[in-house]
Amino acid sequence: MIHLYYDSKTGNVRRFVEKVIQVTGWSAQCIQEDMEVDTPGHLVTFTTNFGKVPPLTEEFMKNHNDKIFSVSSSGNRNWGRNFAIAADKISAIYDTSLAFKFELSGTMEDINQFIDIIKNQYYDSKRGSKKLDIA
Ligand SMILES: Cc1cc2nc3c(=O)[nH]c(=O)nc-3n(C[C@H](O)[C@H](O)[C@H](O)COP(=O)(O)O)c2cc1C
């Protein structure tokens with residue numbers, strides 16, 4: 001079973017994750033301060049304030065990055081070069097694979113693409129790809 005951790009301030013990431021769950025039956029938890037993390041999983045977050053990582057996400061990754069296979073971010077293309085850049089920043093800091101970027105709560109196409117990436121590329125290893133492992 002694939003597990004998702006997500007951070008959402010205005011509900012877009014939450015809606016994205018809920019749609020993913022509807023399609024896949026995967027499990028998900030909204031990240032909270034000082035939460036216990038036992039299950040390895042994938043992080044879905046958003047980008048805030050001129051390309052920043054949200055504080056709760058930052059704290060979560062500081063404490064639990066060893067359990068996180070990949071990072072994805074919601075954003076808005078109006079922010080140009082800073083579009084969903086929280087995912088790039090987290091990926092660079094923690095050496096976590098960047099899985100996907102999407103706008104707001106994502107289109108159905110985004111959701112299917114995200115599911116496909118998570119299923120096929122990041123299934124069960126921190127540095128990613130089963131495909132690459134056997135290539
Ligand atoms: C104050 C503010 C700053 C934002 N800054 C960025 C940004 O730098 N880059 C980006 O791609 N999106 C930015 N956004 C857009 C959010 O990332 C986007 O709305 C996202 O879907 C929010 O997720 P949430 O609804 O789950 O909180 C910003 C939104 C707000 C309100």
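Q: How many bridges join β1 to β3?
A: This is a predicted model in which local features need pLDDT of at least 70, side-chain atom pairs count only at pLDDT 80 or more, and totals for chains, interfaces and linings use all residues. Residues are numbered from 1 along each chain as its sequence is written. Helices (H or I, at least four residues) and strands (E, at least two) are DSSP runs, numbered from the N terminus, and two strands pair if DSSP finds at least two bridges between them. β1 and β3 run parallel, and the number of bridges that join them is three.

Q: In what order do the elements of the protein chain run from the N terminus on?
A: The secondary structure of the protein chain comes to five helices and five strands. From the N terminus on, the order is β-α-β-β-α-β-α-β-α-α.

Q: Which residue in β4 does V44 stand opposite?
A: β3 and β4 run parallel and are joined by five bridges. In β4, the residue opposite V44 is S72.

Q: How many of the six residues of β3 are buried?
A: A residue is buried if 20 or more other C-beta atoms lie within 10 Å of its own, exposed if 12 or fewer, and partly exposed in between, with C-beta atoms placed from the backbone. β3 is largely enclosed by the rest of the structure because the number of its residues that are buried is six of the six.

Q: Which residues of α2 are exposed on the side away from the buried ones?
A: T57, F60 and M61 of α2 are buried. They lie on the same side of α2 because they cover an arc of only 95° around the axis, taken from the directions from the helix axis to the C-beta atoms. What covers the buried residues includes β1, β3, β4 and α3. On the other side of α2, the exposed residues are P55 and K62.

Q: What distance separates the C-alpha atoms of I90 and E58?
A: I90 lies in helix α3, and I90 is buried, with 25 other C-beta atoms within 10 Å. Two residues are in contact if their C-beta atoms, placed from the backbone, lie within 7 Å; leaving out residues up to four places away in sequence, I90 touches V53, M61, V71 and T96. E58 is 32 residues from I90 along the chain, and their C-alpha atoms are separated by 8.1 Å.

Q: Which element supplies the largest share of the shell around the ligand?
A: 21 residues surround the ligand (C-beta atom, placed from the backbone, within 6 Å of it), and the closest are S8, N12, V13, F46 and G75. α1 (12-24) and β4 (68-75) each supply at least two residues of this shell. The largest share, three residues, comes from α1.
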